[in-house]
Amino acid sequence: MMLDDTGDIGDSGVPWSAGRLTKRSSVVRRARSGKLQVSDFEGTTVSLTNPGTLGTTASVPRLMPGQGLIVATGAIGFPAEFSAMAPETISQLAVSKVLTFTSTYDHRIIQGAESGAFLARIEELLLGKDGFYEEIFRDLGVPHPPYKWAVDRNPAFGRREEIEKQARVLELINAYRVRGHLIADVDPLRMVPVQHHPELDLDTYGLTIWDLDRDFWTGGLARREHMPLREIIALMRRVYCGKVGVEYRFISNPVEKEWIRRRVGAPPEPLPPEVRKRIFAKLLAAETFERFLGTKYLGQRRYSIEGCETAIAMLDQLMEGAGERGVEEVTLGLTHRGRLNILANVVGNSTERIFASFEGTVHPDFPADEGDVKYHQGAEGEHETVNGKKVAITVPSNPSHLEAVDPVVEGMVRAKQDRRGHGPDGWQRVLAVITHGDAAFAGQGMVAEVFNLAQLRGFRTGGSIHLIVNNQIGFTTPPASGRSSLYSTDVAKINQVPIFHVNGDDPEAAYRVLQIALDYRQEWHKDVVLDLIGFRRHGHNEGDEPTYTQPLMYKRIQEHPGVRALYARKLVKEGVLTESEAAEMEEREKAEYESALANAKEVAKLQPAEPAPAPSHVSRLTPHDVETAVPAETLSRVGRVLTTVPPSFHLNPKMVSQLARRAKMADGAQPLDWSTAEALAFGALLIEGTPVRLTGQDTSRGTFSQRHIVFHDAVTGETWTPLCDLQPRRAGFSVYDSPLSEVSVLGFEYGYSVESPETLVLWEAQYGDFANGAQVVLDQFVTSAEDKWQQSSRLGLLLPHGYEGQGPEHSSARIERYLQLCAEDNLQVANVTTPAQYFHLLRRQMRQPASKPLVLFTPKSLLRFPASFSPLEELTRGAFRTVLDDAEIADRSLVSRVLLCSGKIYYDLRNAQEQKKANAVAIVRLEQLYPFPGDVLRETLARYDSARDFMWVQEEPHNMGAWSFVRPRRSEFLPSGATFGYAGRAPSASPATGNAAVHKKELEQLISEAFGR
Ligand SMILES: Cc1ncc(C[n+]2csc(CCOP(=O)(O)OP(=O)(O)O)c2C)c(N)n1
Ligand SMILES: [Mg+2]
């Protein structure tokens, strides 16, 4: 090689950086092909030459006129005296290949000492000084640190040090398995310089480059007993440090770990051309979709997936692979990113619908779309595999609240699986897939909660596949501000599941990993996490400017051609595709989008120019009595099942009398308590074919030791659930104690209830106020889903409520919050005072035609308060009553004041009424707060024709409870000319006092107000 007049040794002192190599590549090319002309040599003052290619070790070229210096390199080879030695001996002796440099110079312009110093410098650089190799590796994009020059440490054969060295090689191999992902080439932007990790460095193990050609035992790598270290490292790097970084060594089950090791270590099979073409087609469709929308609707929010298009190809192959493995249904939970693209290119049937919404209208086939924005709406689709297998895809609607849909997806999937029979068959056929953003996955506690549900008997769904669309940013927040963990996926480790970090620029690596993920899920029935690392081509949304906060990242993004272009290049180079084929595919894709858009525009034209006020999407509850009474024989049969202990079961002695009492209650010999009424309601529903599912913390025994619907053998610890013994078993009874979580469990149960409207799904809070930990599920799903998405549910919430001096928490279930959310018959809110009412309400929940969530405030102290118990006849006759009139009043015409109340305070009032012999005061109970039974209440109150003094009494502070809800509705029920007063606690920032004595005092005061003048 010659340095022409543009080439000097350069400022960095490095003679051949990548830039210069490119610049001189034409000279090199011509030199290689023997096409150098005399003119190329003219004016040359310095020549680099490589006669070593001819086998020369050293040559002394002659200077031509005008030349000052010729630097020549000889062949790279072992010194002649070692050339006949066996390779093992050579490596044992650490004899290395040698390259001879010569410098022929013109003494008139170069001093001998200068020439010597020059060669010495070259030697230094070749030995790696001053980051020589690091710079070259960086320039050429080699994703590994270079090896370092070191002095050999070569213990004699059989010496202790040699054994130690072997042991350290095994350590190094293990380190690659455990830590290899840390230096894997997974970031398409290469934002972070190539990583080093001391545990992957040779010198950490006392190894040097001289060991690279020495053989070591491998401990079973690639089915070879021993290999040169160089090959060992090459293999470990290929498996653990390529375009995929895998984390799995924290899994404690050795069989499972070995399963994964074998799969990730297997040599990659070439992908069939059809698969490669399909992957390409999906990348193309993904990119074209975004660009099309970007052109047609400039700046409109679509949450483009550009930069992570591989996600679309992956999800498409996921459906394909799932279908081929026997999955029939996939419930696909989506985040905002790429949602529209996924609907169009994975779920199907959605393009026209999406374009219609961009046109500002609602597609007539999807009238419910009016209720929410386009990137929240659910969808249904189907994937047909190449072998004709069909996979039904359901995308549930979701709110903006990131990760909130996760437990809902899981609950839906569980319901589908239960329908197919509990356990493996359901798992095998129904699969949950959830996409996540990197910031949300790390930031939202919901993720950890849902992972915690994944392996529990009552909540497992046979393993979910999580795909993180990791664009390395969350809105404007970089990972360094968004998480303390290294990866956004670290939280998944709580379940000991494999985590694959994949470079989004390598769709084939993604495909391979996906196959492992699907097989793993089907084999081990555990979750898998796929962390697809790419970037975000535009701002957070399309109207947002990303360079304000991420200037450097966006410089790289602008230079990135996109994965579609990269993959097209690869496929064209490898002869799988021609450029014209690729171009044709793109044209076809565009034409399809154009035609869908044309249809959408037609749809838009048909819509009225001025949008009408949105009609309600909430169905109305027609108030009519629902038959909920149960014949005494049925109740007695359920009672027998509830109380007949299996012969071999060792009942806890303390339960004996309780069961005996329950038996008497079910036979009508004794008034029914709350939990017996509840168990009878469950039993009667089961007999009628309605499955019952009840979950919550400590729910099977009951927070207040009241329920005991599952018994534990006092000797073996085995459980007995009497309701499961009901014969013939028409429907399943499931009761599960849940983890100590509100939001994920309530989300799960909500999802279950949506998917399984035939099941009575009840979620119980430990105390009612804890439900505010699940506020997102309440606001975004339970109360609003019907309006937003026409998604109905019969979910029941059991929320213990009541002021019993237990303090600010544990007293109030925050009745006011639920009442504030009530509109358009979206909910039923009740606060009942007798077991019979509870019994009828539970049954009404399933027997009434409308599917509506039920918020039920449940008792605590009343559970053991006999005055609240109900005679059996109240279960065998009648129905739920929204209002309970005062049954103790003999002559209503004597009543001058009517107290209106709801819940437990009734018994305090009743007690005072008896004690005070206050015959002129009647107490009317509002058992259902919403839908507000205004008519029934009016009729009830009208019976007290002399009363003009009406009063709302509540135990909650003035700013809480039902007062602010009832008061504005007074015109619906108050007789004309009547007054409506308030007796209750004063306004308070905290729901209740922590002092039991103060509590008692407050109660006395409000009661005296209720009865006073
Ligand atoms: C619970 C919640 N908090 C805040 C937001 C507002 N928000 C919407 S997207 C977003 C960033 C999400 O980042 P990431 O999860 O990485 O997804 P990306 O947008 O990068 O795909 C934020 C903060 C939200 N939607 N939900
Ligand atoms: Mg992100």
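Is Ile76 buried or exposed? In this predicted model, Ile76 is exposed, its relative accessible area being 61%. The points below take up the surface, the overall architecture, the cores and the charged pairs.

1. Surface patch. Ile76 belongs to strand E3, which spans residues 69-77. Together with Leu99 and Leu126, Ile76 forms a nonpolar patch on the surface, and the accessible area of the three residues together is about 250 Å².

2. Overall architecture. The protein has 1013 residues, and buried residues make up 55% of them. Its secondary structure consists of 35 helices and 28 strands. Along the principal axes, the C-alpha atoms fill a box of roughly 135 × 75 × 55 Å. Among contacts between residues at least 6 apart in sequence, 78% join residues at least 24 apart.

3. Nonpolar cores. The largest nonpolar core contains 84 residues, and those with the most contacts inside it are Leu229, Ile232, Leu332, Phe355, Phe500 and Leu530. Helix H19 (residues 507-524) contributes the largest share of this core, namely eight residues. A second, separate core holds 70 residues, including Val409, Ile434, Tyr750 and Phe950.

4. Surroundings of Leu332. With neighbours within four places in sequence left aside, the contacts of Leu332 are Leu315, Met319, Ile342, Val347, Ile393, Thr394, Val395, Pro396 and Val433.

5. Cysteines. A search of the whole structure returns zero disulfides. Cys241 is buried at 1% relative accessibility, and Cys308 is buried at 3%.

6. A buried loop residue. Thr882 is located in the loop between helix H31 (873-876) and strand E23 (883-884). Its relative accessible area is 16%, so Thr882 falls under the 20% limit and counts as buried. Apart from neighbours within four places in sequence, Thr882 is in contact with Arg925, Leu926, Glu927, Gln928, Pro933 and Val936.

7. Salt bridges between separate segments. Side chains of opposite charge can pair when their charged atoms come close. The whole structure contains 64 salt bridges. One of them joins Asp203 to Lys148, with the closest N and O atoms 3.6 Å apart. Asp203 lies in the loop between helix H7 (160-179) and strand E5 (215-217), while Lys148 lies in the loop between helix H6 (132-140) and H7, so this pair ties together parts that are 55 residues apart in sequence. Asp203 is partly exposed at 45% relative accessibility, and Lys148 is partly exposed at 44%.

8. Asp519 and Arg325 form a salt bridge with an N to O distance of 2.6 Å. Asp519 is in helix H19 and Arg325 is in the loop between helix H11 (310-324) and strand E8 (329-333); the pair therefore ties together parts that are 194 residues apart in sequence. Both residues are partly exposed, Asp519 with a relative accessible area of 23% and Arg325 at 22%.

9. A salt bridge within one helix. Lys590 pairs with Glu587, the closest N and O atoms being 3.9 Å apart. Both residues lie in helix H22 (residues 579-606), three residues apart, which is about one turn of the helix. Lys590 is partly exposed at 33% relative accessible area, and Glu587 is partly exposed at 49%.

10. A charged network. Salt bridges link Glu328, Glu329, Lys416, Arg420, Asp425 and Arg429 in a network.

Key
Residues are numbered from 1 along each chain as its sequence is written. Chains are lettered from A and ligands numbered from 1 in the order in which they are written. This is a predicted model: local features need pLDDT of at least 70, side-chain atom pairs count only at pLDDT 80 or more; totals for chains, interfaces and linings use all residues. Side-chain values use heavy atoms; hydrogens and water are left out. A nonpolar core is a set of buried Ala, Val, Leu, Ile, Met, Phe, Trp, Tyr and Cys residues joined through side-chain atoms within 4.5 Å. Buried means under 20% relative accessible area, exposed over 50%, partly exposed in between (1.4 Å probe, protein chains only). Helices (H or I, at least four residues) and strands (E, at least two) are DSSP runs, numbered from the N terminus. Contact means heavy atoms within 4.5 Å. Patches are made of residues with over 30% relative accessible area and no salt bridge: like charges are joined within 9 Å, nonpolar side chains (Val, Leu, Ile, Met, Phe, Trp, Tyr) within 5 Å. Accessible areas come from the Shrake-Rupley method with a 1.4 Å probe; for residues, only the protein chains shown count as cover. A salt bridge is a side-chain nitrogen of Lys or Arg within 4 Å of a carboxyl oxygen of Asp or Glu. A disulfide is a pair of cysteine sulfur atoms within 2.5 Å.
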